[in-house]
Structure formats: structure tokens, C-alpha cells
Amino acid sequence: MARRHESEHTAAVVERLATLLGGGVVPDTAWQRVAQADALEQAAEGRRRRSPETTIARLAREVGCGSDAGALLQGHPDATWRALGVTWALATRTGAPLAQSLRQLANGFRDLGQSARDVQVELAGPASASRIVLLLPVVGLVLGAALGFDTIGVLTGSALGFGCLAVGGVLMLVGWLWNRRMIAKATQHPTTPGFGLDLIAMVMLSGRSAEHAKAAVRDALREWRLEESGFERAEGIVHLAAEAGVPAGELLRSEATLERARARADAAQAAAKLGVQLMLPLGACILPAFLAVGVAPLVIAVLQRTIG
């Protein structure tokens, strides 16, 4: 079975932690219970572990030995796990309600997982088409050989053939790199959109002012190497809440949800545009390479046989 997206897996872990903590389970026991449930799921699904010990199992073991979960996740290579770590650390430092904060974090991770799936679906067609198109020059060579012409001998047996091969090879390389760069650009999107606003709302629940909350969140995000997104709008949102007499936390969380929705729409739009943009390397590189490697040797072989 295909491995679930990391954001979705982390969302499940965070949601379970939030439920257990909200039910009165102490943190050490909560980590142990979540790790046991994750291990049972892996065994039921028949998945192979890539390492002897999963992240959640290691965390449960080390937290049980007295280590801090937030500090353990500070150096994790995946941003979703670092986001869990900074949320845990900030709630511990400021006294913010951890269970409520984790539920909000889990919702954000689900949005990220859905966005990643949408982008993968949108990119499936263009990416497959680009790989097939890159094979056109090879198809031309195979077609010439199937027709009984020594196209490979033409490419390797004369200066003109070597020239066609060199031009075609360079064009294919440029086209492949161009395709790869465009696909990579289309898949780039913020790893934790709106997360900073969620954290500011969380810290304000501990009774701290907006300025103190922003400073604490900004320092923590830098410490955990996460994006500082949404800070430019936080001040305006807090001012709006004060003028309207409504809780600033609700407005901040609403803006964070809206930011995730924007990021999701932008990612889907970039993936949709890719199908049209891939026509550029096709026309500029791949088709000329097909002519140089697949068609030109066939024409030369036909002329040689005719003259001979």
C-alpha cells in the first residue's frame, strides 16, 4: 500500500495527541498510546519501515525518558514534524492550551495533505506526457531500424551523423532539464501557510498581548527553521478585533485558514498551467531533437541506399 503523505500522517498523530491530552491523559502516556496505535496500523497495512524506528516511536521512547518533545523535533528534516515541535514547545513555554492548539494544527496539516494530493493529480497528466515526448528521438531511431535502414550506423559512421547526434543530444538534455525545472517549480508551495497566525492566536490564549505573542512566535519559528508567514497581516487583524470588540484569536485563525486556502488554490493553478507551459520545451527542444536524431539519419540512409 502506498505510504500516506507525511502531512496526513502527522495530522493523525497530532489529532490523537490532542484528544488524549484533552481527555486528561498525561503527555508521556499520550505519546506512548499514539506510538502503539501507529505501530498497530503499520502492522495491519503490511508496510515496511524505512528505518528501524519510526519518528513517533522514537519520540515516545525519549519522552518517556524525560526528554522534551518540542526539542526532539527541532532538527527533524520534515517541516510538518518541526511544526508539531514548535507548537508543543510554545504551549509549554507560555502555558497556552495544548490540546486546542494541536487540534488546530491537525486541521492545517489536513489542508496541506489535500493540497499535495490535488497538485499530484493535476501534474500526473503533464508529467507523463513530458516523459513520453522525451522518448520521441529514440522512437525515430527504432522506427528507422525497423524499416531496414542503418540509422545508428549513419549517426556513428560519418561527420554529418555525428553532428546530428551531438545536436540532438544537446537538445534532448536541454529539454529534459527544462521540463524538470518547470515541474519542480509547479510543485513548490509553502510548507506551513498560515501557521504563524495560528501560533499567535494560540499564545494569546495564555493571556499574553499581541506584541508579546508575535515576538515569541517569530523567535520560535526561526529556532525551528519554519516559514514566518502571515506576520505582516497579524497587526491589522489584531487592530480590527480590538476595534470591533471581538476575540482576536478567532480572526487570526480564520485568516490562517484563508491563507491555506489561497496556497491550495495557487498550487492547483500552477499545476494546471504546467500542461500548457510544457509545450515550450516540446517545440523548442524535443521536436528539433527528434528531427536531428530520428528523421535526419533516416533521410540520409535512404539517400545513401538510393545513390548506392
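The UniProt annotation "transmembrane region", from an unreviewed entry, covers residues 132-149, 155-178 and 278-303. The model described here is predicted. The structure holds 1 cavity of 30 Å³ or more. Helix α13 spans residues 248-277.

**Annotated spans**
- Residues 132-149 are 72% helix and 0% strand. The end C-alpha atoms of this span lie 24 Å apart.
- Residues 278-303 are 96% helix and 0% strand. Here the end C-alpha atoms are 35 Å apart.

**Cavity**
- By class, the lining of the largest cavity has 5 nonpolar, 3 polar and 2 charged residues.
- Two helices, α6 (98-133) and α10 (195-204), each supply at least two residues of this lining.
- The largest share comes from α6, with 5 residues.

**Helix α13**
- This helix has 30 residues. From first C-alpha to last, α13 reaches 42 Å, close to the 44 Å expected at 1.5 Å a residue.
- Buried residues of α13 include the alanines Ala248, Ala256, Ala263, Ala267 and Ala271.
- Gly249, Leu252 and Leu274 are also buried in α13.
- Charged side chains are on the buried list too: Arg253, Glu255, Glu259 and Arg260.

Terms used:
Residues are numbered from 1 along each chain as its sequence is written. This is a predicted model: local features need pLDDT of at least 70, side-chain atom pairs count only at pLDDT 80 or more; totals for chains, interfaces and linings use all residues. Side-chain values use heavy atoms; hydrogens and water are left out. On a 1 Å grid over the protein atoms alone, a cavity is a set of points where a 1.4 Å probe fits but cannot get out, and a pocket is an open set with protein on both sides within 12 Å along at least five of seven lines; lining residues have an atom within 4 Å of a point. Grid points are joined across faces, edges and corners, and a volume is the space filled by probe spheres set on the points. Helices (H or I, at least four residues) and strands (E, at least two) are DSSP runs, numbered from the N terminus. UniProt positions are given in the numbering used here, feature names are shortened, and annotations may be inferred rather than shown by experiment. The expected span of a helix is 1.5 Å times one less than its number of residues. Buried means under 20% relative accessible area, exposed over 50%, partly exposed in between (1.4 Å probe, protein chains only).
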